[in-house]
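This briefing is meant to be read beside the sequence and the model shown here.

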Amino acid sequence: MPELPEVETVRKGLEQAMIGRTLTEVILRRENLRFPFPEDFASRVIGSKIDSIRRRAKYLLIDLDDGQVILSHLGMSGRYTLFDAEKVNQFETNGDIDRSSRFGSATGFDGRHDHVEFRFDDGSTAVYTDPRRFGIMDLIDVGEETIHPLLESLGPEPFGDWNSKQLAQRLFKKTTSIKVALLDQRVVVGVGNIYACEALHRSGIHPQRQSKTLVRKDGKPTKKLDLLVDNVVQVLEKAVEAGGSSLNDFADVNGSLGYFGHQFQAYDREDQPCLKAGCGGTIERITQSGRSTFLCPRCQR
Ligand SMILES: [Zn+2]
């Protein structure tokens, strides 16, 4: 599943390809992804120019010049593939373009999961492919993002003014385990399973530790919590730099693969030695809230 760094990578890729382009055609090959597409989606966005592309948590906000915003979430397996005019022409149209994608050899699955195509005035095309269809595409007015049901209860952005003082307030007296708390989008957005495991390992904090034990009695953060916030931001920043990791069937917007995966210290390293200098422990896998957690029981307390 794409996590925040991957979505940020996609945002940058779309930004390079779409800004200043005007939508000339939008092809929808289904009625819905996770939810139905907005009514008259294509006709409402055709003729609009892309002004900017923002990100809120794992949502992409594609700003149109008429004040509308295309809201896009990649779900479990969504991805965009970009084709410039020259590339587009290399793919032969065969049959009914409204029913079948011609980009299958590039997007995979014979194009069966190319549910949306955005075509632009310069002849370029962005194809949205989503085999599992947990993705979301909606159309809202600018400003509505703060009150949209999917976005209104989202917590702070890790790259914003998020800090350990804020986190301590959230976790005060909470008995939830710290890992489950980090995955809670009301606590902080965009910290997925991989990066939660990594940040906890780097901070020497046991994932099952009760959140409240990282907050002092006066509600202020402990040193450990300070360290955790620093490490969450750092692992996310590193991953953004590396172009996002590439797991399962996710590929970034250009179809190229990131490489942060090779740098995991805990995640997906069950039974392998802990990489922390002098630790000598072995990485274990446990399950928390139905998700795998990787930890070193020797140096994480
Ligand atoms: Zn260790």
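Strands β2 and β3 (residues 59-64) run antiparallel and are joined by six bridges, where helices (H or I, at least four residues) and strands (E, at least two) are DSSP runs numbered from the N terminus, and two strands count as paired if DSSP finds at least two bridges between them. The model is a predicted one, in which local features need pLDDT of at least 70 and side-chain atom pairs count only at pLDDT 80 or more, while totals for chains, interfaces and linings use all residues. Residues are numbered from 1 along each chain as its sequence is written, and side-chain values use heavy atoms, with hydrogens and water left out.

**The sheet**

- Strands β2 and β3 belong to an open sheet of four strands, in the order β2-β3-β4-β8, with antiparallel pairing.
- The edges of this sheet are β2 (50-56) and β8 (136-141), each of which pairs on one side only.
- From one strand to the next the twist averages 20 degrees, with axes taken as lines fitted to C-alpha atoms (for helices over the stretch in contact) and angles running from 0 to 180 degrees between N-to-C directions.
- Helix α1 (residues 4-18) packs on the sheet and touches β2 and β3, and its direction makes about 175 degrees with that of β2; contact here means heavy atoms within 4.5 Å.
- Arginine 56 has tyrosine 59 of β3 as its bridge partner.

**Strand β4 and its partners**

- Five bridges pair β3 with β4 in the antiparallel sense, and leucine 61 stands opposite leucine 71 in β4.
- The hairpin of β3 and β4 has three residues between the strands, and in this hairpin glycine 67 takes a positive phi near 90 degrees.
- On the β8 side, β4 is joined by six bridges to a strand that runs antiparallel to it, with glutamine 68 opposite aspartate 141 in β8.
- Strand β4 (residues 68-73) is mostly covered, since six of its six residues are buried; buried means under 20% relative accessible area, exposed means over 50%, and partly exposed lies in between (1.4 Å probe, protein chains only).
- In a regular strand the side chains alternate between the two faces of the sheet.
- In β4 both faces are covered, with Gln68, Ile70 and Ser72 buried on one side and Val69, Leu71 and His73 buried on the other.

**Helix α7**

- Helix α7 (residues 193-203) is largely enclosed by the rest of the structure, because 11 of its 11 residues are buried.
- The buried residues of α7 include Tyr195, Cys197, Glu198, His201 and Arg202.
- The cover over the buried residues of α7 includes α1, α6 (178-183), α8 (223-241) and β10 (291-295).
- Just after α7, glycine 204 takes a positive phi of about 70 degrees.

**Individual residues**

- Most residues other than glycine have a negative phi, and most peptide bonds are trans.
- Alanine 57, in the loop between β2 and β3, has a positive phi near 55 degrees although it is a residue other than glycine, and it is buried, with a relative accessible area of 1%.
- Phenylalanine 109, which is not a glycine, also has a positive phi, of about 55 degrees; this phenylalanine 109 lies in the loop between α4 (104-107) and β6 (114-120) and is partly exposed, with a relative accessible area of 36%.
- Histidine 115 is in strand β6 and is buried, with a relative accessible area of 3%.
- Leaving aside neighbours within four places in sequence, histidine 115 is in contact with Ile27, Leu28, Arg29, Arg30, Leu33, Tyr128, Asp130 and Arg133.

**The chain as a whole**

- The secondary structure of the protein chain comes to eight helices and 10 strands, and 52% of its 301 residues count as buried.
- The domain assignment, which comes from an automatic or database source, gives domain 1 (4-146) and domain 2 (164-295).
- The centres of domain 1 and domain 2, taken over C-alpha atoms, are separated by 31 Å.
- Among contacts between residues at least 6 apart in sequence, 66% join residues at least 24 apart.
- Along its principal axes the C-alpha trace spans about 60 × 40 × 30 Å.
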